[in-house]
Amino acid sequence: MALMEEEKETAMVTPGEVLGRISEIKPGRGAYAATHNDTVYASLTGFRRNIPPAIDSSDQRPIVEVTGHKAHGPVPQPGSIVIARVTKVMARSASAHIVCVGTKSVREIFNGIIRQQDVRATEIDKVDMHLSFRPGDIVRALVVSLGDARAYFLSTAKNELGVVSAESIAGATMVPVSWTEMQCPLTGQIEQRKVAKMAS
Amino acid sequence: MEYVSPEGLRLDGRRPMEMRQIRAEIGAVSKADGSAVFEMGNTKVIAAVYGPRQVQNKSQQMNDQALVRCEYSMANFSTGDRMRKPKGDRRSTEISLVIRQTMEACILTHLMPHSQIDIFVQVLQADGGTRSACINAATLALADAGIPMRDLVTSCSAGYLNSTPLLDLNYVEDSAGGADVTLGILPKLDKVTLLQMDSKLPIDILENVMQLAIEGCKAVANYIREILLENTKQLEYRRGV
């Protein structure tokens, strides 16, 4: 017990503490390598963790991570899958609020935009935005770039991306029936959406 | 007026190299992403950090790194004479810029492109050394928010009165007309991020005063690390239950 406590005690780090040398370890999450010397420092408060390298990798240095309970809300990055809520649908684009990055909910609002050419991979010229999204829809999308000054550029041009949840005019959550249609369980009304293919 | 007695005691009973009592508390503002209260003697400062969040002023957005903004204010009741200064007076603007530049030097802004980090610092009680306390409070709040930093920036002031270097001036010593040096450093990296001085000082004495301030900054850094580690331990204990 004392040994474990002592080990846990020494394993806690705060920003600026030295974790090792670049020639010996690789900085992971919560650590960084200083450019002016070859030292790896912690950038977060938390527990130091050593991850052994993969057996087949050429770089045999272990990865040092600082995992803790002090991490800021996630920031969308190009290539990350986000969950967004559509706020406005226009003729050539749809605005959305990013609410999740990966499996983490964002703490602050980030704006995203789905352009007409990013809705689906086929028949790009014939996309009708109003038949793909409605305000209030929950969408799974891919961040393609940091976008312009207004919003991140999102794309749903894959089978797994698109509307994951939508409400019908009657107010009930609709059931997807194909990749372009959703059906209201109360009234049976069929509505057009760019539907995401759900994992079975 | 005599600020250091022949026995080597100051007006409040401290030795020349003694700091006032430091106290800090994490998580004072529940709505903020990170917050802290920091006290140095009778100086009390509260800091709140919001972000990283979307940039509100589009013209200031930077595509490759986070934008750091800081707002400093003093409560009307924080000094002996009640103040009614409007927001944005020259001193507040100067201190806001100083805190912003100090924090920009230590935050790893390139990890959060296209975003904004807001730091709000308010002085609740002023008794000298307010900008040092503000920088220490902002550092604690940033660490509480989980913003990645190169190091914990800590700050301390020092002065020179009655031919004696003094550490951590209070209001009476600050008003005595002697030199007042405010220093901000990255203690583990051993770099200076802030250096300000009022009045005149010979350069050899300045080096002595700076050395004293560096010792004070490192003492503050040790205390801040203790606070952070204790807070992390408590969180781990609660999560373990």
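This is a predicted model: local features need pLDDT of at least 70, side-chain atom pairs count only at pLDDT 80 or more; totals for chains, interfaces and linings use all residues.
Residues are numbered from 1 along each chain as its sequence is written, chains are lettered from A and ligands numbered from 1 in the order in which they are written, and side-chain values use heavy atoms, leaving out hydrogens and water.

Over all chains, the structure holds 3 aromatic pairs, where rings of Phe, Tyr and Trp (its six-membered ring) pair if their centres lie within 6.5 Å, and planes under 30 degrees apart count as stacked, over 60 as edge-to-face and the rest as tilted. One of these is formed by A:F110 and A:Y152, whose ring centres are 6.0 Å apart with planes at 75°, so the pair is edge-to-face. This pair links distant parts of the chain, 42 residues apart, with A:F110 in strand 10 (residues 104-115) and A:Y152 in strand 12 (residues 152-155) of chain A; strands are DSSP runs (E, at least two residues), numbered from the N terminus.

In chain B, the rings of B:Y50 and B:F120 have centres 5.7 Å apart and planes at 80°, and the pair is therefore edge-to-face. Here B:Y50 belongs to strand 3 (residues 43-54) and B:F120 to strand 5 (residues 115-125), 70 residues apart. B:Y50 is partly exposed, with a relative accessible area of 21%, and B:F120 is partly exposed at 32%.

Key:
Helices (H or I, at least four residues) and strands (E, at least two) are DSSP runs, numbered from the N terminus. Buried means under 20% relative accessible area, exposed over 50%, partly exposed in between (1.4 Å probe, protein chains only).
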